[in-house]
Structures are given as C-alpha cells and as structure tokens.
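Please open the model in your viewer and keep the selection panel at hand. The tour goes from one pair of elements to a single residue and then to the whole chain.

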Amino acid sequence: MPLSDTASTPVVPTDSRPARTGPVIALLVVAAFVVILNETTMSVALTDIVADLGITVATGQWLTTGFLLTMAVVIPLTGFLLERFPLRSVFFAAMSLFAAGTLIAALAPGFGFLLVGRIVQASGTAIMLPLLFTTVLNIVPPSHRGRMMGLISVVIAVAPAIGPTVSGLILSTLTWHAIFWVMLPIALIALGLGAVWVKNVTTTRPDARFDLLSVPLSAFGFGGLIYGFSAIGESASGHTPVPVWIPLAVGAASLVLFVLRQLHLQKTDSALLDLRTFQTPAFSLAIVLVVIVFMALFGSIILLPIYLQQVLGLDVLGVGLVLLPGGILMGAMAPFVGNAFDRFGPTPLVIPGMLLAAAALWGMTFFGPDTGVAFVIAVHLTLSLGLGLTFTPLMTSALGSLPRRFYPYGSATVGTLQQVAGAAGTAVFVAIMTVVTAGAIADGSDEVIAKADGIHAAFLVGAIVATAAVALALFVRKPAEGEVDLPAAAH
C-alpha cells in the first residue's frame, strides 16, 4: 500500500487556531541565522584563543569540529522531535539551549568550559535548521518554495560564510569572550519574540516512538569517523592518543549498525532517522552533491583565515574584510536564485554553480606567500558565486521530492549530512594541511612556506573532488512534489 501524505499512523494537529505563517517563518529564519552564524566565528578567533589559553592549534580546532560533531549527533533526533512535539516547544528548547551555551562560553575561564559551551550551543543549533525546513515544507506551496528556500540559503550558506567577518570585527577591538556576549542578547530577544509569534503550524504524532539504542550508534558512528579524520592531522606531530584506525573503524562499524537498525525499525514506523527518503532518486542525488558542497564550504572557511593570518600576515580585522564580499554576494544572490529555480528548475543553476565552485578551488591551489589580497578576494567571490547557485536548487530538489509524511526525516537527514560533511571537510582539510606542513618543516622548509604548501595540498584535494562532482550535477532535475510514493510500514 503506497504511503500518502496521511500515514497509517494518524497525525494530530497541534493547534486549532489559525496561525499567521509570515511572522513564524521570519522569526525562525532570523533565529537560525544567528545560531548558524555562530558555527564559524571560531575560525578567525582561533589564533587569539590558542594564545590566550595556551593550547595547540589541533586542540583549538575542536571548538569547530566538536561543534559540528555535536550537531551531527543531535540532528538525527530532530526527525523524532518534530513528529512527537509541537513546533513551539521544540523552538523554545532549541533557543534555550543555544542561549545557555552562549552564556557558558562567554564566562569560560579555560578551554574545557569553552568547549562545553560550544557543545551546548551546538545542541540548540542542531534543532533549528530541520525545524525551519520542516515548517517551510508544511506551510509554503511548492510553486513558491524556490524563493523561500532562497531565503533559507542565506541562513545555511551566508551565515557561516560571514562568521569569520563578524568575529574579525569584534576581535579588532575586544577579546574573544565578546563574541559570545554579543550573541547572548540576540538569543534572548528571539526567545521573547517566540513567545508572541511562534504558533504550532505543523502536526504531531503522539504515538511516535523513540529508539534509545539508535542514539549511541549514531554518536559512535559519526563521532568515530570525525575524530578519526581529525586524528590524522594530529598524528603528524605524534599527539594522537590512540592509533588513527581505531576511531575510524569504530565509527564505520557503528554507522553500519545504525543504518541496519533504522532499516529494521522503519518497518514499524519507529526509526529514529527513517531512511526510506533515499528511495527517492532526486533526494539521493541532491544529497550527494550537498555533502560535496558543504565539505568545500567548511574546508575553505577553516583554511582561508589560517592562510590569511599565518601566511599573508593579515590581522583579524583584515581577514574579516577579505571574506566579507563573498558573504554579501551569497546573500544578495539568494532571492534571485530562488525565483530562477521556481521558473526554470535546478539544472541551469546547479551545473554552472558546480563548475564555478570547482574553478575557485583550483584557483585556491595557486595561493602562496606572495599572493595578492585582490586575487584571494576574487577567488573567494567565485567560490561564493558557485555555492550560491547550488544551495537553493539542491535543497529544494531534495526535500520537495519527498511525500509530506517524510518531511521531518528528510530535513533531519539533510541537516545531519550537512554537518557531517562540514565536520569532515574541516577535519580533512586541516589534516592534509598539517601532514604536508609537518613534512615540509622536517625537510628544512621555512615555516611560512611549509604552511603555504600544506594549504595548497588541501585545496588541491578539494578541487579534484569538486571537479568529479560536476558530472553528477548534470542529472539534477526538478521533481514534482512527492513524486515517489514510498512504501508504508507494515502493521
């Protein structure tokens, strides 16, 4: 029996009152922008934090990797949360966690407390993006989803892209603690406005079941892989506490068990992360490209500030100003890309977008100690243009192809793989840079030259992967809403 928008388990409206959807979406977009902006503020602040707290760069990297890793662990839970609990309750939980984590980080006397604050922040951030996706998919008609997803692209692409700029501006006059003090009142204001504006515009399933075993399997699966990737870079200096293959093997095995567990549970509609979404070809193809794009985005976000500071010698304000034009470009493009998707579909956007992103990564392989800042800005603008052309079409094609019943799980899957890809991109790019840099120093190279060689190697790998992904972009098509009926669970 095919699964329609009304699944075999009834959904229950969470609020019988008519809701004004405009303020709800506006607040969710603003709140998501703030919490996701926070993801990448550490990239520019890392140098100051390392010096202030007396830690290594590899240790400091965990302020970013740990944040992304926490999101990758928490986001799979959001499919269940959005089915079981009202939107209003989920929103308040997310923003309360983010505000609490921000306060902990702002008051942090050392690295341990700072990392705890980032992890609590990430727990709230992880809920916001799937919450935003699911709300939009439920209340925005398919004919207008492109332009609405274009607005969301500002959140998922521009916010992390301008994070380094925001932190650079703050650090030019204040300490790294100020980054969190600036965000705290914004989070509290969002909580206050949520009490007025956020209504329960989605539906819930009171009988949705929670599988406790899936949580540690997810945590060990994604956590082991990301820790293993990060340990590759640390192993170059002999700081790895365990052999690299151990976390990678644990992660891979746990992830396999997690997938098998979900395949079994989805037969009774009780999976933590229902994987029947991948039976939709348009969803699966778009997800592969999303993973590649996010690896490129977060890998470049973490390496560009390192390159600008440690190779070209720019201060934090200079780094922020160099990266600002790219963020502005992505934000300005988003509405136009969304409208173009509604009119022409994804193909005319994704193909040139992937070509531009690959070309930009190839351009970054030419970065060296004597590279002009103007060239860096031009290449970063090209990357921003390419990514801006791909985000909205890929997200809309992926999620819009699913039956309504699977919107929460599709949103959770997209969010999970985005963050896994971001964490993997960060870890892999830094690992390659660290290994090559250490090898060059061992061979007698100057430290700045060695760092430039390491960054070159990381961007080279990214360029090769992005170039291979261009072929996949040729097959992206605009699906009809719910074009594939997925099989219902057996009861």
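Select residues 347-364, helix α13, together with residues 373-400, helix α14: their axes come within 7 Å and cross at roughly 150°, the axes being lines fitted to C-alpha atoms over the stretch in contact and the angles running from 0 to 180 degrees between N-to-C directions. The two helices are therefore roughly antiparallel, a word used for angles over 145 degrees. This is a predicted model, in which local features need pLDDT of at least 70 and side-chain atom pairs count only at pLDDT 80 or more, while totals for chains, interfaces and linings use all residues. Residues are numbered from 1 along each chain as its sequence is written, and side-chain values use heavy atoms, with hydrogens and water left out.

Now select V373, which is placed in helix α14. V373 is partly exposed, with a relative accessible area of 33%, where buried means under 20%, exposed over 50% and partly exposed in between, with a 1.4 Å probe and protein chains only.

Finally, select the whole protein chain, where 59% of the 491 residues count as buried.

Conventions. Helices (H or I, at least four residues) and strands (E, at least two) are DSSP runs, numbered from the N terminus. Angles under 35 degrees count as roughly parallel, over 145 as roughly antiparallel, 65 to 115 as roughly perpendicular and the rest as oblique.
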